[in-house]
Amino acid sequence: MVLLTMRWLWCSTLVILMASLAGPAVADDAVRAEVVDTEVRVAADWVHVDIQLRNLIDMRTASTIDSGLSGVCVYEVSLFGNSEEPVGRRVWTLSLEHDLWEDRYYVRGDQVDHDLPSLAAMDSLCSQVDNLRLLPASRLDPEVEYRLTVSVEVLPLASVDQDRLSQYVSRRGGGTREELDLDLGSIFGRLLGGGRAGRTSVSYTSPPIRPRSMGWSP
Amino acid sequence: MSIRWRLALLILFVTVIPVATGVLVTRQLVGEILDVGLSPQLDSALDAGVRQAREAYRADRRELQAQAEELAHMWTMDEDGRAILVQAIETVLKPEDQVIIIADDGTREVLQIGAVLDNDAVRAPDAPPRSIAAKVDLEDGLALEVTRPVPDSWRDDAALTAETLQVVRGLRMQRSELERMYWLPFLGLFLLSLVVGLVLALRLVKGITGPVNRLVDGTEDVAAGRWNVQVPVERQDELGQLTVGFNTMVRTLNLQSRRLVDLEKMAGWREMARALAHEVKNPLTPIQLTVEEIRARYPGGDEKYEALLKECTRIVIEEVESLRSVVARFREFSQPVALEPVPTDIAQLVRDVAAMQRDMKVEVETADNLEPIPADPDRLRQILMNLAVNAREATTLCQESRLGLTVKGDDDWVVVTVEDNGPGIAPNERERIFEPYRSGKAGGLGLGLALVKGIILAHGGTITVDAGRWGGARFTIRLPRTTPAEIREQDHAG
């Protein structure tokens with residue numbers, strides 16, 4: 001009888017703990033971003049890459065950008081040979097912004113500044129990477145097979161807006177009064193969340209590519 | 001699982017249930033509050049507000065453009081045209097509108113100053129522009145530019161709506177994290193209370209099970225025959241009382257056990273004394289008669305031989321008498337001690353014995369208000385006198401003979417000590433000194449202390465010896481406050 005009671009106590013405690021620790025279910029978007037097509041070619045002694053993506057800006061990202069919050073699109077394109085180190089690698093970031101009053105969409109980055117009329121145009125622009133100069137063709141080895149890796153991550157909230165929202169969460173009344181000297185919620189939230197909620201990411205690795213198929217021969 | 005863990009888990013469980021319930025309810029509340037605060041309806045309403053504000057902003061701009069174009073139609077290069085334009089500005093535009101004619105070379109002619117914009121004012125995030133502008137080309141490379149300030153109150157309202165929409169959308173995006181962020185501190189508190197509760201429960205339970213475990217160990221020691229075990233009393237509560245009771249019980253059992261052993265030994269010694277007395281006594285009379293017959297039948301004639309015969313027979317007869325005396329003492333020792341117990345004031349008895357000592361310095365210390373106990377006062381006086389005599393003999397060589405007598409009592413016992421300042425008794429002799437036929441005195445039979453012990457045992461008590469405060473022997477007599485009848489009967493039977 002005592003053993004039964006103790007077992008019951010243990011089981012109840014475990015159930016309570018598991019129920020307490022179970023996190024809320026996270027909605028999963030039905031439509032996933034994907035790489036539709038890639039092409040690696042050599043032109044003017046450079047290896048160029050064309051990438052076609054789809055569903056890069058999902059509904060949630062579109063909703064935040066539409067409200068005037070800025071999103072971020074991070075691209076990483078690499079070409080690997082036999083080594084674990086890429087022979088060529090390009091990383092760039094695009095800022096996705098919307099002017100609420102002029103109703104214009106802007107895609108900005110290093111040497112990039114596009115003024116677009118709609119979110120669809122923004123999605124189209126971000127989903128299409130054309131003529132990306134990856135590396136000099138002279139660095140290719142004709143006997144080696146290469147693999148192209150593409151990684152794209154869309155963050156619906158740029159760090160600036162993330163900070164703005166954090167202030168709303170950790171302050172009361174729109175940032176006029178401290179809620180708590182020690183904001184435990186913020187600490188725990190940063191520990192677990194990291195402000196990367198709702199991000200969209202896509203990774204792709206191409207089949208082996210011979211330099212010859214890139215249209216290059218030494 | 002030990003009682004300690006069972007109790008700790010039980011306490012922990014009772015503690016955890018309300019806290020866990022509180023955490024779960026909090027989580028539910030946080031979720032519901034977020035559902036209300038970040039509802040799609042609110043999002044839609046704010047979105048509609050922003051759209052309307054944007055439409056209003058763009059309508060104003062279209063209106064201004066139309067007004068600027070209307071003014072441009074009135075423009076002519078001559079002075080009349082300029083005057084007509086200035087007049088039209090007053091009717092078509094608002095006084096706060098600024099109207100400027102810009103030439104190709106950048107020359108600016110202000111036709112109406114309008115309101116001065118505070119361009120240094122801090123602009124709220126996502127607020128509409130401070131002004132709207134319309135520009136219309138005139139002839140000869142000139143252009144008409146009209147700038148109309150946007151009312152601050154409208155701008156502030158629009159900015160607030162836009163900002164709120166952004167906050168709602170942003171937080172909706174992070175709803176899961178937000179819920180976790182508000183809920184996790186409670187989970188942290190829950191886990192903290194779990195740990196603290198467990199530690200406190202263990203400490204609390206340890207306070208209970210610790211003494212119980214020590215009592216269990218003590219019981220096992222007693223079961224293994226270690227009768228001198230005593231459990232430390234660390235508490236004043238019921239567990240402390242239990243420990244005190246256990247210690248008293250063990251001490252009593254120890255004394256009774258030793259007493260039973262002593263009784264068995266005493267019975268053996270008495271039986272041996274009885275047999276010895278019987279065996280020695282029987283041949284004494286024939287020996288004496290034979291010796292007397294030898295002496296009577298000597299016809300005489302040899303004076304020397306007759307003198308020798310008389311001397312030898314006298315010695316034999318004297319030794320026979322001496323043996324009769326020994327036999328008598330052996331017989332006395334072999335007899336069970338017959339007590340006549342009456343309520344006896346032990347303290348008074350000790351003071352009486354002390355008063356009878358003449359050749360020693362006597363120190364008496366007796367506790368006040370000691371109740372009389374059932375005892376045979378004659379026997380006890382005999383014991384105390386016997387011990388006093390031993391003390392006097394032991395201190396013969398001392399410069400000053402000292403005798404210490406004390407009487408104290410507790411709930412169960414009256415304790416009498418008798419000590420001297422003699423040489424004392426070696427530790428290895430202390431256990432055996434009460435055995436018969438062990439005498440430290442020349443010519444002694446070694447029955448004195450054995451008789452003393454027999455009388456004490458008959459009272460249901462014990463007697464031990466150790467070193468006293470002056471370095472001599474100290475006898476400690478423990479007499480029960482109530483002498484159980486069965487013990488007396490048992491002693492008598494023994």
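**Figure 1. Helices α8 and α9 of chain B cross at roughly 45°.** In this predicted model, helix α8(B) covers residues 346–355 and helix α9(B) covers residues 377–394. Their axes come within 10 Å. Because angles of 65 to 115 degrees count as roughly perpendicular and those under 35 as roughly parallel, α8(B) and α9(B) are described as oblique to each other. The crossing of α8(B) past α9(B) is right-handed. On the α8(B) side, the residues that meet the partner helix are B:L349, B:V350 and B:V353. On the α9(B) side, they are B:P377, B:L380, B:R381, B:L384, B:M385 and B:A388.

**Figure 2. B:L384 and its contacts away from its sequence neighbours.** Once residues within four places in sequence are left aside, B:L384 is in contact with B:V350, B:V353 and B:V418. B:V350 and B:V353 belong to α8(B), and B:L384 belongs to α9(B).

**Figure 3. The largest nonpolar core has 44 residues.** Five of its members touch the most other members: B:I346, B:V350, B:L384, B:L387 and B:V452. Helix α10 of chain B, residues 448–458, gives the most to this core, with eight residues. At least three residues of the core come from domain 3 (227–335) of chain B, and at least three from domain 4 (338–493) of chain B.

**Figure 4. Helices α6 and α10 of chain B cross at roughly 130°.** Helix α6(B) spans residues 238–296, and its axis comes within 10 Å of the axis of α10(B). Because only angles over 145 degrees count as roughly antiparallel and 65 to 115 as roughly perpendicular, α6(B) and α10(B) are oblique to each other. The crossing of these two helices is left-handed. From α6(B), the residues at the meeting place are B:R259, B:D262, B:L263, B:M266 and B:W269. From α10(B), they are B:A450, B:K453, B:G454 and B:L457.

**Figure 5. Strand β2 of chain B holds B:Q112.** The strand runs over residues 108–112. Is B:Q112 buried, exposed or partly exposed? A residue needs 20 or more neighbouring C-beta atoms within 10 Å to be buried, and 12 or fewer to be exposed. B:Q112 has 17 C-beta neighbours inside 10 Å, so this residue counts as partly exposed. Residues up to four places away in sequence aside, B:Q112 touches B:I89, B:D97, B:Q98 and B:V99. The C-alpha atoms of B:Q112 and B:I100 are 7.1 Å apart, while the two residues are twelve apart in sequence.

**Figure 6. Helix α2 of chain A and the elements packed against its buried residues.** This helix covers residues 59–66. Which residues of α2(A) are buried? They include A:R60, A:T61, A:S63, A:T64 and A:I65. Within chain A, the buried residues of the helix pack against strands β3 (71–80), β4 (86–99), β8 (147–155) and β11 (200–205), and against helix α3 (119–127). They also pack against α4 (152–173) of chain B. After α2(A) comes A:G68, which has a positive phi near 105°.

**Figure 7. A:D45 and A:D103, two loop residues of chain A with positive phi.** A:D45 is not a glycine, yet its phi is positive, at about 65°. A:D103 is found in the loop between β4 and β5 (104–109) of chain A. With 15 C-beta neighbours inside 10 Å, A:D103 counts as partly exposed.

**Figure 8. The two chains, A and B, in outline.** Chain A contains five helices and eleven strands. Of its 218 residues, 26% are buried. Among the contacts in chain A between residues at least 6 apart in sequence, 66% join residues at least 24 apart. Chain B contains eleven helices and eleven strands. Of its 494 residues, 28% count as buried. Residues 24 or more positions apart make up 69% of the contacts in chain B with a separation of 6 or more.

Conventions. Residues are numbered from 1 along each chain as its sequence is written. Chains are lettered from A and ligands numbered from 1 in the order in which they are written. This is a predicted model: local features need pLDDT of at least 70, side-chain atom pairs count only at pLDDT 80 or more; totals for chains, interfaces and linings use all residues. A nonpolar core is a set of buried Ala, Val, Leu, Ile, Met, Phe, Trp, Tyr and Cys residues joined through C-beta atoms within 7 Å. Helices (H or I, at least four residues) and strands (E, at least two) are DSSP runs, numbered from the N terminus. Domain bounds come from an automatic or database domain assignment. Two residues are in contact if their C-beta atoms, placed from the backbone, lie within 7 Å. Axes are lines fitted to C-alpha atoms, for helices over the stretch in contact, and angles run from 0 to 180 degrees between N-to-C directions. A crossing is left-handed if the near helix is turned anticlockwise from the far one by less than a right angle, and right-handed if clockwise.
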